Amino acid sequence: MKPFLVLLSAFVIGHTSFAASQRPNILFILADDMGWADLGCYGADLHETPRIDAFAKESVRFTNAYAMSVCSPTRSTLMTGKHAARLHFTIWAEGAQQGGAKNRKLREAPSIWNLPHTETTIAKHLQDAGYLTALVGKWHLGDWEHYPEAHGFDINIGGTNWGAPQTFWWPYSGTGRFGPEFRYVPHLEFGKPGEYLTDRLTNEAMKVIDHAGDQPFFIYLAHHSVHTPIEAKEDDVTRFDAKLSPEMHHQHGVYAAMTKNLDDNVGRILDHLKSRGLDKNTLVVFASDNGGYVGSDKASGRNMPVTNNAPLRSGKGSLYEGGIRVPLMIRWPGVSQAGATCDEPVVTMDIFNTLLASAGLPQPADVTDGVDLTSLLKSPTSKLQRDALFFYYPHYYHTTTPVSAVRARDWKLLEFFEDDHVELYNLKDDLGEEHEISKDHPEKVKELRDQLHGWRESVGAALPSVNPDFKPGPAKGKAKR
Ligand SMILES: [Ca+2]
């Protein structure tokens, strides 16, 4: 080869790899209802998650990552970068449609259940920039007019208004679990008995990777696991039941088996990326949409809490840490520091900004609730220029009454709407929120309360109202999930 051609080849190869490294593929794996302490790398004991733990060693693992406290609100923040309170999407879709609990002291704040077409999703931004965009799994952001196809996704495999499948076993359909409504998972019609949903969704996501060819892809792989119904493969359940011992933090063998299967599937898709030579040019996010579910589930055959978020207090629905603190890991080859942990508080809206930045796209001026985390991925001990994070759940759930909260560095204040009482905690000394110290720090209470009220006004949060028909007695209107 003549010298000129050698130089030209070197330039072309060099240029291609430079361009590719500037614009990675994006694989965003979202678990459903996975608690902060459910993974080995976050301290689980019964559960076994070797593949996700290994992924954590290649990623930046966030120890103070937050989501909203239930499904649809978090998903709306991920898609838009806007706080759920600003969007008025503050409860899961079916709960919003039912209008909330009926015989309670407060009427719940009104919530939307369709993600408005006026919102520009992360998928739409990436689609416009030339990405192949696919939602595989759970959508939960509105009826058919607001499905993923209407929000910037080229491909929708499985996404509907529903927040959970009837069953994890093929054909994934039926009635009864969520009332008389017939639920099914579209685009998974061909299968066979014994096929398990998390395995199938992973297979579908791998097909999208192969289909993309040279086009950059954004795959939002939103698993239904480990949400109810708690169902798992019998061999795995037997193995975890045999491993159980009384001193363990986690005690649910079926949930442990379900978690193990999700871990297997995270491993499978990471292996698939590697086998296609795409691992070095794919940004991978693993996260959960809210804290672990601490109710029981009949499908598991066990009348006991599904998980335990200890050392955190409470679980899904609540604004105590167990309801909102979640696992989050990000591996961005060439950018993120492998094997680092980051203790800076971050929140799901930040993922929107970070993914936009990874694709070299500008930050929209009207999206101000999150920040680009690139600086933390490069330097995980650095700090963000952000004073506080805010949380909002103006609804009832078995873990809470209507509530809002602010976390400002180590301080956390919760304000409950039924009687306006506040609770103050210092998370540095009291991660489990066991020692309520508002009486000892009246000035801090005032400061945080003012900050919280100011934020609620600034986002136009819809408030709960007094229920004039309330009669003391049993609550009614338990909402479907
Ligand atoms: Ca969830």
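**Note on the predicted model**

1. Helices (H or I, at least four residues) and strands (E, at least two) are DSSP runs, numbered from the N terminus. Axes are lines fitted to C-alpha atoms, for helices over the stretch in contact, and angles run from 0 to 180 degrees between N-to-C directions. Two residues are in contact if their C-beta atoms, placed from the backbone, lie within 7 Å.

2. The model is predicted: local features need pLDDT of at least 70, side-chain atom pairs count only at pLDDT 80 or more, and totals for chains, interfaces and linings use all residues. Residues are numbered from 1 along each chain as its sequence is written.

3. Strand 13 (residues 403-408) is joined to strand 14 by 6 bridges, and the two run antiparallel. Strand 14 (residues 411-416) is in turn joined to strand 15 (residues 422-426) by 5 bridges, again antiparallel. Leu 413 of strand 14 is the bridge partner of Val 406, and Leu 424 in strand 15 is the bridge partner of Leu 413. The hairpin of strand 14 and strand 15 has 5 residues between the strands, and there Asp 420 takes a positive phi near 60 degrees.

4. The domain assignment gives domain 1 (21-379) and domain 2 (392-466); such bounds come from an automatic or database domain assignment. The C-alpha centres of the two domains lie 26 Å apart. In total, 33 residues of domain 1 are in contact with 27 residues of domain 2. Helix 4 gives the most to the side of domain 1 that touches domain 2, with 3 residues.

5. The largest nonpolar core holds 128 residues, of which Ile 219 and Leu 221 touch the most other members. Such a core is a set of buried Ala, Val, Leu, Ile, Met, Phe, Trp, Tyr and Cys residues joined through C-beta atoms within 7 Å. Helix 9 (residues 253-275) gives the most to this core, with 9 residues. At least three residues come from each of domain 1 and domain 2. Not counting residues up to four places away in sequence, Leu 221 touches several residues, including Leu 27, Phe 28 and Val 136.

6. Helix 2 (residues 50-57) packs on helix 9 at an angle of about 50 degrees, with the axes 7 Å apart. Helix 2 is therefore oblique to helix 9: angles under 35 degrees count as roughly parallel, over 145 as roughly antiparallel, 65 to 115 as roughly perpendicular and the rest as oblique.

7. Is Val 306 buried or exposed? Val 306 counts as buried because 27 C-beta neighbours lie inside 10 Å. A residue is buried if 20 or more other C-beta atoms lie within 10 Å of its own, exposed if 12 or fewer, and partly exposed in between, with C-beta atoms placed from the backbone. Val 306 is found in the loop between strand 8 (282-288) and helix 10 (321-324). By contrast, Gly 176 is exposed, with 11 other C-beta atoms within 10 Å; Gly 176 lies in strand 6 (residues 174-183).

Note on methods
Two strands pair if DSSP finds at least two bridges between them.
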